[in-house]
Amino acid sequence: MLCRLYTPQDFAALYAIEERCFEPLFRFGRRTMRQFVSRSNAATWLAEEDGELKGFAMVEWTEHKLRLCGGGPSPQGYKSGVPGSEPLPQGFKGGVPGDGSSLPGCKSRVTAYIQTIEVAPEARGRGVGRALLGHIENSALAAGAVRIRLHVDAENAGAIRLYEAQGYRCQGRQENYYPLSRAALIYLKRLDCGRES
Ligand SMILES: CC(C)(COP(=O)(O)OP(=O)(O)OC[C@H]1O[C@@H](n2cnc3c(N)ncnc32)[C@H](O)[C@@H]1OP(=O)(O)O)[C@@H](O)C(=O)NCCC(=O)NCCS
């Protein structure tokens with residue numbers, strides 16, 4: 001199994017995996033998927049076997065400015081839009097985030113968000129999902145992320161097992177997050193070994 005970063009030539013094969021993993025109602029549309037893979041503040045990793053795509057995973061990261069003192073408003077939280085998607089805060093330019101030192105009284109924190117992780121049915125149960133998860137976590141770390149979050153269908157026992165086995169902890173539940181009124185669980189993993197609160 002070879003893992004590598006996405007290139008634009010991979011789109012058709014990547015979307016074919018999306019179609020095999022999710023029923024139409026639960027799929028990302030092609031346009032949304034194209035947006036995900038082309039964001040500068042994101043990474044898409046692919047898993048290949050004998051030259052054939054067997055799975056992929058997508059992560060993106062966002063820089064938040066944190067006010068250190070002065071009693072101002074707390075950093076804006078995420079809102080969910082497209083299922084599983086995280087709109088970027090206004091003014092975020094993408095790229096590797098800075099340290100926020102240009103703003104007096106502020107520091108920055110980078111949070112990563114897993115858009116999806118998908119493995120072709122015939123390749124499941126062989127560690128492909130776990131390997132892809134490791135690669136997107138490393139991309140998030142390299143971008144300066146201190147924590148990584150995701151939404152997962154509360155009924156998706158396999159994915160939940162994968163995330164929990166890799167150190168993700170459930171932080172909450174969001175009702176009606178997915179179509180058909182399905183609930184999402186929100187999972188989080190610290191990537192910074194407890195250096196920051
Ligand atoms: C969830 C998914 C990505 C897992 O990929 P995978 O390659 O089968 O996972 P791995 O083989 O790397 O499994 C790693 C661990 O996850 C857990 N796990 C994965 N699939 C599981 C399943 N169906 N049932 C129980 N545990 C499962 C196990 O703990 C496993 O560790 P183990 O092999 O030591 O027992 C895959 O099932 C998939 O693509 N599902 C459809 C798409 C989807 O729902 N994606 C999640 C979006 S949030």
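Modeller: Start at S181, in the loop between β6 (169–178) and β7 (182–190). Helices (H or I, at least four residues) and strands (E, at least two) are DSSP runs, numbered from the N terminus. Residue numbers start from 1 along each chain, as its sequence is written. The model is predicted: local features need pLDDT of at least 70, side-chain atom pairs count only at pLDDT 80 or more, and totals for chains, interfaces and linings use all residues.

S181 is not a glycine, yet its phi is positive, about 60°. S181 counts as exposed because 8 other C-beta atoms lie within 10 Å. The cut-offs are these: buried means 20 or more other C-beta atoms within 10 Å of the residue's own, exposed means 12 or fewer, and partly exposed is in between; C-beta atoms are placed from the backbone.

D50 sits in the loop between β2 and β3. Phi of D50 is near 50°, a positive value in a residue other than glycine. D50 has 7 C-beta neighbours inside 10 Å, so D50 counts as exposed.

β2 (residues 42–49) and β3 (residues 52–67) pair in the antiparallel sense over eight bridges. Strands pair here if DSSP finds at least two bridges between them. A47 has G55 in β3 as its bridge partner. A42 has E60 in β3 as its partner. β2 also pairs with β1 (residues 2–5), again antiparallel, over four bridges. There, R4 is bridged to L46 of β2. β2 is mostly covered, with six of its eight residues buried.

From E60, step across to A112. This residue is in strand β4. A112 is buried because it has 27 C-beta neighbours inside 10 Å. Leaving out residues up to four places away in sequence, A112 touches V59, E60, W61, A140, A145 and I148. Contact means C-beta atoms, placed from the backbone, within 7 Å. The C-alpha atoms of A112 and G144 are 9.0 Å apart, though the two residues are 32 residues apart along the chain.

The ligand is surrounded by 20 residues, and the closest are R124, G129, R130, G158 and L162. To be near it, a residue needs its C-beta atom, placed from the backbone, within 6 Å. The elements that give two or more residues to this shell are β4 (106–119), α3 (128–142) and α4 (157–165). α4 gives the largest share, six residues. By type, the shell holds nine nonpolar, six polar and five charged residues. Ala, Val, Leu, Ile, Met, Phe, Trp, Tyr, Cys and Pro count as nonpolar; Asp, Glu, Lys and Arg as charged; the others, Gly among them, as polar.

Last, the whole. The protein has four helices and seven strands. Along the sequence they run β-α-α-β-β-β-α-β-α-β-β. Of the 197 residues, 27% are buried. Among contacts with a separation of 6 or more, 70% join residues 24 or more positions apart.

How values were computed:
Two residues are in contact if their C-beta atoms, placed from the backbone, lie within 7 Å.
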